[in-house]
Amino acid sequence: MPARSTRMPERFGLDRLSTPIGIALLVTDVDGALRALDWDDYEHRMRELLRLHHGAVDLIDQAAPTAMKAALSAYFEGDLGQLARIEWRVAGTPFQQKVWMALAKIPAGTTMSYGALAAKIGMPKAIRAVGHANGSNPISVVLPCHRLIGADGSLVKYGGGLERKRWLLRHEGVEV
């Protein structure tokens, strides 16, 4: 019989932030780093991603750092550069982490196709794998998965819904 894991669940804080596109759920670690950002109507998805990346997780109501909330609020008010001020940490596979690090380098106001991102990380044939990793991104907005679009320029898939993706891109000055 296999031994059961005695590992204690990882404990993260959970806070909420009102935005123009809904209530954002902010998950932070003991050091105050952002571990997940998703939407209250997608909380189940967020919890599942946390489970996949960290195993058992306990979320406790806890205020996110004031500077993080201020930076996010400033972003939603139009100061797009504020996202760079947010400290974040991700788990995931080495490939996922590579994709997420590349996402963080896509400037606001620009988009990139899944194929272009695959080429940028040195794996031009990994288009579907890039799409899958993008869909597993736990930190919406800050790791801007909304900036990935189809090869034909179409809006495709966004964990928070296509209307939010459209709003975020327009907010950043992209015509969609």
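Trainee: Why is Glu 172 called buried?

Mentor: Glu 172 has a relative accessible area of 5%, and buried means under 20%, with exposed over 50% and partly exposed in between (1.4 Å probe, protein chains only); Glu 172 is therefore buried. This is a predicted model, in which local features need pLDDT of at least 70 and side-chain atom pairs count only at pLDDT 80 or more, while totals for chains, interfaces and linings use all residues. Residues are numbered from 1 along each chain as its sequence is written, and side-chain values use heavy atoms, with hydrogens and water left out.

Trainee: Where is Glu 172 placed, and what does Glu 172 touch?

Mentor: Glu 172 is in the segment after helix 6 (162-171); helices (H or I, at least four residues) and strands (E, at least two) are DSSP runs, numbered from the N terminus. Not counting residues up to four places away in sequence, Glu 172 touches Tyr 75, Leu 80, Ala 108, Gly 109, His 146 and Arg 147, where contact means heavy atoms within 4.5 Å.

Trainee: What makes the link between the side chains of Glu 172 and Tyr 75 a polar contact?

Mentor: A polar contact is a pair of N or O atoms within 3.5 Å; within protein, one must be able to donate a hydrogen and the other to accept it, and residues adjacent in sequence count only if both atoms are side-chain atoms. The side chains of Glu 172 and Tyr 75 are joined at 2.7 Å, and a second polar contact, of 2.9 Å, joins the side chains of Glu 172 and His 146.

Trainee: How do you know that Tyr 75 is buried?

Mentor: The relative accessibility of Tyr 75 is 0%, so Tyr 75 counts as buried. In helix 2 (residues 66-76), the buried residues are Met 68, Ala 71, Leu 72, Ala 74, Tyr 75 and Phe 76. They pack against strand 1 (10-19), strand 2 (22-28), strand 3 and helix 6.

Trainee: How many aromatic pairs does the whole structure hold, and why is the pair of Trp 39 and Phe 76 called edge-to-face?

Mentor: The search finds 3 aromatic pairs. Trp 39 and Phe 76 lie 6.5 Å centre to centre, with 80 degrees between the planes. Rings of Phe, Tyr and Trp (its six-membered ring) pair if their centres lie within 6.5 Å; planes under 30 degrees apart count as stacked, over 60 as edge-to-face and the rest as tilted. The pair of Trp 39 and Phe 76 is accordingly edge-to-face.

Trainee: What does the pair of Trp 39 and Phe 76 tie together?

Mentor: Trp 39 lies in strand 3 and Phe 76 in helix 2, so the pair ties together parts that are 37 residues apart in sequence. Tyr 75 and Phe 76 form an edge-to-face pair as well, at 5.1 Å centre to centre and 80 degrees between the planes. Ring pairs link Trp 39, Tyr 75, Phe 76 and Trp 167 into a cluster.

Trainee: Why does Ser 136 count as buried?

Mentor: Ser 136 counts as buried because its relative accessibility is 9%. Ser 136 is in the loop between helix 5 (127-135) and strand 6 (148-149). Leaving aside neighbours within four places in sequence, Ser 136 is in contact with Leu 49, His 53, Gln 96 and Trp 100.
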